[in-house]
Amino acid sequence: MRLFLSAVLALPTLTGGRSFAIAVACLTFLVTLPVATVPVPPLTDFVNHLARMGILADIGTNTALARTYAIEWAVIPNLIMDVMVPPLVHHLGLPGAGQLFLTMMVLLLVTGPMAIHRALWGRFSPWPLLAFPLVYNGIFLYGLVNYLLGVGIALWGVALWIALRDRSVARRGLASAIIVLVLFLCHLFAVGLYGLTLLAFELWRLAQRRGAWTWRDVAAFALPFAPVIPLILASPTLGLSKMNLWESHGKLDGLYLTVQLYRDPVDMVFAAILVGATVWLAKRDLLRLHGAGWVLLALGGVVFLAMPRQLFGSWIADQRLPVALVFLTIGFVAPELRGRLSRGAFYAFIAGLTLARTVEVQANWLDLADITADMRAAVGRMPRGATVLVAHADEPAGGMVMEQALSHAPSWAVIDRDALVSTIFAVPGKQVLAIRPEFADLVDRDDGDPPTVSQMLASIDGPVPGAARFWDAWPGRYDFVYILYTRPGAANPDPDHLQPVFEGRGFQLYRTMPDRD
């Protein structure tokens, strides 16, 4: 850290190109440090995804996993992690493969705006470094890693389109086709984001009368997206096309997710600093946005307002868009910052913000590491191949930070003990992981919420009025029960059917005791 601060303080004395390169190197080191030092970051969905990677890597040789799980490969626009990570597991280990994936995601997100900026203006400038303090955000903490990797690739795809715009049409179209296919592998929303940005850039060109579109231009723009239609038609994801829900409330939350970390007051101060600096610089004509950037913001704003909260069965579909638009917009900022003193002040500003954000992330991840340690200690009490039900306390304790760290932490039972956990991501149309028919009714395959303790207790003897649920008659069907978000020393909710095994920070593990006939 001392070396980082020394390098930043020395930047104003260096020439423009050299100072920029050193700034990028220092900031890159800083933002990758949390991922490099925490083997499995406490991102909401990440450990569940990592459990799936372990199954994909080992199911061919692990009879305990093969007994309960199966792999059903299909055309699903959410497979980039499933394709990339399992081959790395045998070389790097499961945590190491996950760390490499997250590191690549971070690097794409922070360098993508630089690439767009370079393609637009023909040179580098300090402005794209604004991406560094924003790389850790609410969407990142949710663990939506396939989507964020897709955003990073989309950034580079936009840069490539701009760089090739006045060159060979065939080369531009071919490059775009490859980008679209890779983005489809990442996430369907990333394909839409890429198309939206290209549309904004092309509309700006037409408005500036930089030549009318020829049929070749139309083909280069449209044809790369054509394969998406048959791919979707062949995908089981199409079966989720009716699972859509639009909500007006929560739009502001989507904007807040661009700056959200672990403490609202700190996040609001960070947002106020960014907004204040933007207004101050804009008034002095030091901050200007490329015309295509304004078009992108206008189109993106309309799409954001119109976009459903749930789309193709994916929640917070609209709320994940503002983060992507911020990274794209940073790339369209004009290089108006001149003078060694101004650049030095900007480097110090970005370094300070990035350091503050990274320290907050690192401190919280290290603090939450004991949850992972407790969870793995609890998992060690299980036999291999156990079946595990996950439930929530009726009155959850711990707040948002605890929720993010705990919600999918029981997936460690899959990683360490080859268990079947009721919350494992195995939703048809969303993942290639499937459950063997004889165990399928033990897993939530609708991507819903785990039962509360009250709901669980109400279904001890079988289904309550309404549709059957996967936790019905649980004492005779599961070997263990996790109750999450408990208070220290919370009482056993059902001594007749639950035997205490382990209590950790924010959770309790019980062994089930079926009724005796």
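This is a predicted model: local features need pLDDT of at least 70, side-chain atom pairs count only at pLDDT 80 or more; totals for chains, interfaces and linings use all residues.
Me: What makes lysine 251 another case, and which ring does its charged end sit over?
Reply: The ring is that of phenylalanine 304. The charged end of lysine 251 lies 5.0 Å from the ring centre, and the limit is 6 Å.

Me: Which cluster does Trp161 belong to, and what links it?
Reply: Ring pairs link Trp161 with Tyr194, Phe221 and Phe225.

Me: How many aromatic pairs does the whole structure hold?
Reply: The search finds 11.

Me: Why is the pair of tryptophan 127 and phenylalanine 346 called edge-to-face?
Reply: The planes of the two rings stand at 70°, and edge-to-face needs over 60. The centres are 4.7 Å apart, and pairing needs them within 6.5 Å. The pair is therefore edge-to-face.

Me: What makes this a link between distant parts of the chain?
Reply: Tryptophan 127 is in the loop between α6 (86–121) and α7 (131–134), while phenylalanine 346 is in helix α18 (residues 340–379). They are 219 residues apart.

Me: How do you know whether tryptophan 127 is buried or exposed?
Reply: Its relative accessibility is 1%. Buried means under 20%, so tryptophan 127 counts as buried. Phenylalanine 346, at 7%, is buried too.

Me: What makes phenylalanine 470 and tryptophan 471 an edge-to-face pair?
Reply: Their planes are at 90° and their centres 5.0 Å apart. The cut-offs are over 60 degrees and within 6.5 Å. Phenylalanine 470 is buried at 12%, and tryptophan 471 is buried at 8%.

Me: How does the reach of helix α15 (residues 264–283) compare with the expected span?
Reply: α15 has 20 residues and reaches 28 Å from first C-alpha to last, close to the 28 Å expected at 1.5 Å a residue.

Me: How do you know where the buried residues of α15 lie around its axis?
Reply: Asp267, Phe270, Ala271, Leu274 and Leu281 are buried. They cover an arc of only 105° around the axis, so they lie on the same side of α15. Pro265 and Lys283 are exposed on the other side.

Me: What do the buried residues of α15 pack against?
Reply: They pack against α7, α14 (251–256) and α18.

Note on methods:
Residues are numbered from 1 along each chain as its sequence is written. Side-chain values use heavy atoms; hydrogens and water are left out. Rings of Phe, Tyr and Trp (its six-membered ring) pair if their centres lie within 6.5 Å; planes under 30 degrees apart count as stacked, over 60 as edge-to-face and the rest as tilted. Helices (H or I, at least four residues) and strands (E, at least two) are DSSP runs, numbered from the N terminus. Buried means under 20% relative accessible area, exposed over 50%, partly exposed in between (1.4 Å probe, protein chains only). A charge sits over a ring if NZ of Lys or CZ of Arg is within 6 Å of the ring centre and within 35 degrees of the ring normal. The expected span of a helix is 1.5 Å times one less than its number of residues. The arc is that of the directions from the helix axis to the C-beta atoms. Contact means heavy atoms within 4.5 Å.
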